[in-house]
Amino acid sequence: MEIVELISRILGASVVFATPLIFTALGGVFSERSGVINIGLEGLMIMGAFVAIVSNLAFHHVFGAATPVMSLIIAMVVSALFALFHAVASITFRADQVVSGVAINFLALGIGLFLTKQWYDKGQTDFIESPIYSSHVPLLNKIPIIGDLFFSGWYWTSYLAVVAAFIVWFVIYKTPFGLRLRSVGEHPMAADTNGINVYKMRYIGVMLSGALGGLGGAVYALTVTHNFSHGTIVGQGFISLAAVIFGKWHPLGALGAAIFFGFAQSLSIVSSDIVLLKNVPSVFMLIAPYVLTILALAGFIGKAEAPKSLGEAYVKGNR
Amino acid sequence: MFSNRIVNILIPIISVLLGLLFGAIIMLIFGYNPVTGFAALWNGAFGDSYFIGETVRQVTPYILSGLAVAFALRSGLLNIGVEGQVFMGWLASVWIGISLDLPMVLHLPLAILAAAVAGAFWGFIPGILKAKLGVHEVIVTIMMNYIALYLSNSIVRNLLTDGADRTENVAATASLQSSWLSEMTFYSRIHYGFIIALFMAFIMWFIINRTTTGFELRAVGFNQNASKYAGMNVSKNIILAMVISGSFAGLAGAMEGLGTFGFMSIKSGFTNIGFDGIAVALLGANTAVGVILAAFLFGVLKIGALNMPTEAGVPTELVEIIIALIIFFVASSYMIRWIILRFKKEGK
């Protein structure tokens, strides 16, 4: 019984960290599949976290019990609009996509902290009153072992993340829209010749990455930090980007990679409970996820195939 | 009247002006007076000699981290790992600075060299992975940043001290600090590092523009296949670019370790010297002179911004927004170029 408890603790902690990464990585898949590099995932998460916290604080009297859901939706919409900066710069103005993504990161943090100072007159916001709480799934949590492992004490957003990954997989691989999205990322000229609007598809890809990145940041803020400050999102966006590449630009691959990163991050937290890992200095646990990523990239998928025209602006009529 | 060269110089200038203009608009929207705001920023950077000293202090690591990013970009590599390389350089310089007992002529150069080597090593790893296995340098350098952060924290806590949060100060023989510079500027933290930074900018210009190595590095940046066809060793050049880039970044760390602070402490997050270096390099168009000018501008903005809350009530973070917008405009130079050419046509 003890081992079940231990596994359920590790699993629980992994899932909490993995959930925001899954959403954001799925956003990254949309953007990169359409041919636009998105280093700005970090900034999109920051924007999502900020908007979710602010709307939660501002509207929890209005929305009551629906506040968490409403703040997630508002965060998604605002972040999708915020991603337009990246879209306009890198698609219409043919800016270097990496540079524009870096600017998104600076801009999101700048706007978030500026408005926090402006509205709350201090370095961080107040703590929200309607966070997302972990819960038990009725009935299913009564199943022995499986109930303890998968249906007790999780946040509902975690189930949503897994479902979202399958939906994204279906959209990208099984629908005409997904085919078009992938084709503009592989060979925009061929797609254009076939009557696909390359610019429109890329705008949609980037805005979807904004919505999902914002959702990831919002979920992190509402489940883990419960307020917004400069330390809310520190690198989760970059880890999500790594998950996109680690997962070979495939939604389910990204899902697996994000869960793996969540697991690696949780290890440093729960390792004190595990006899085997107790005597390992904590620094090894802290750097493990990053070292493992590098080893994995170098070993298994050194030659991951990125979408063919990733990073190239499409200029109509150019050969 | 508008040659290509002039347009290339105009773009960063127009971007900066647009960035400042949007900053003013944001101030107006939130009910601040832009004139007071920018006056506060100016006073915060140049108001008296203390502020000038602090500005120079801030510009020093920016020049070096900007050079690091710029050097890699000239070879077609995006080194997002400057941040981690700064950490390693900082750590190495302090390590040498506190643990050896040497005369200054040996101690200071050794500490600076150690920083360059540590940074170079941290750049070598993504370099060789890119060159030999084709692993994307952006991802590896991002990962290396985190490894550097946690590793250096652990070394400070467990190896350099006995569980303390910061090391002791580096020996006077390894310090870049200067009492007369500091006294001249009302005890600001200005140090001799800016001489090193300017010298390294010259080195970068020399390597890139005046040596065969620099020519090869640039060629690889333009077109790897053509370089290979011309008989250049592409993977050697990729590794070399990352190593040199890393050593610039390591030196930026030494500026903090031996100059500004004189010690290394536990860090809860990144210093942002490396990330700001990306902005510096982009605005400086990846040239040595451009990097110096851009580092100066960002140093002025960052230090000047600290004065904005007290003198004008404007939150410091406004400057982050301005910097982000400047990068956007530089990146979107296609748009600015198009507008300039429009004017050119109408002027005829």
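Me: How much area do chain B and chain A bury between them?

Reply: The size of an interface is often given as the accessible area lost when the parts come together. In this predicted model, chain B and chain A bury about 3,700 Å² between them, with 83% of it on carbon and sulfur atoms. Buried area is the accessible area (1.4 Å probe) that two parts lose on being put together, summed over both. Contact, meaning heavy atoms within 4.5 Å, joins 39 residues of chain B to 42 residues of chain A.

Me: Which side chains meet in a salt bridge?

Reply: A salt bridge is a side-chain nitrogen of Lys or Arg within 4 Å of a carboxyl oxygen of Asp or Glu. The count between chain B and chain A is 1: A:Lys117 and B:Glu317 meet at 3.1 Å, N to O.

Me: Which element gives the largest share of the side of chain B that touches chain A?

Reply: Helices are DSSP runs (H or I, at least four residues), numbered from the N terminus. The largest share, 11 residues, comes from α6(B). By class, that side of chain B has 32 nonpolar, 4 polar and 3 charged residues; Ala, Val, Leu, Ile, Met, Phe, Trp, Tyr, Cys and Pro count as nonpolar, Asp, Glu, Lys and Arg as charged, and the others, Gly among them, as polar.

Me: On what conventions do these values rest?

Reply: Residues are numbered from 1 along each chain as its sequence is written, and chains are lettered from A in the order in which they are written. Local features need pLDDT of at least 70, side-chain atom pairs count only at pLDDT 80 or more, and totals for chains, interfaces and linings use all residues, while side-chain values use heavy atoms, with hydrogens and water left out.

Technical notes:
Helix = DSSP H or I, 4+ residues; strand = E, 2+ residues; numbered from the N terminus.
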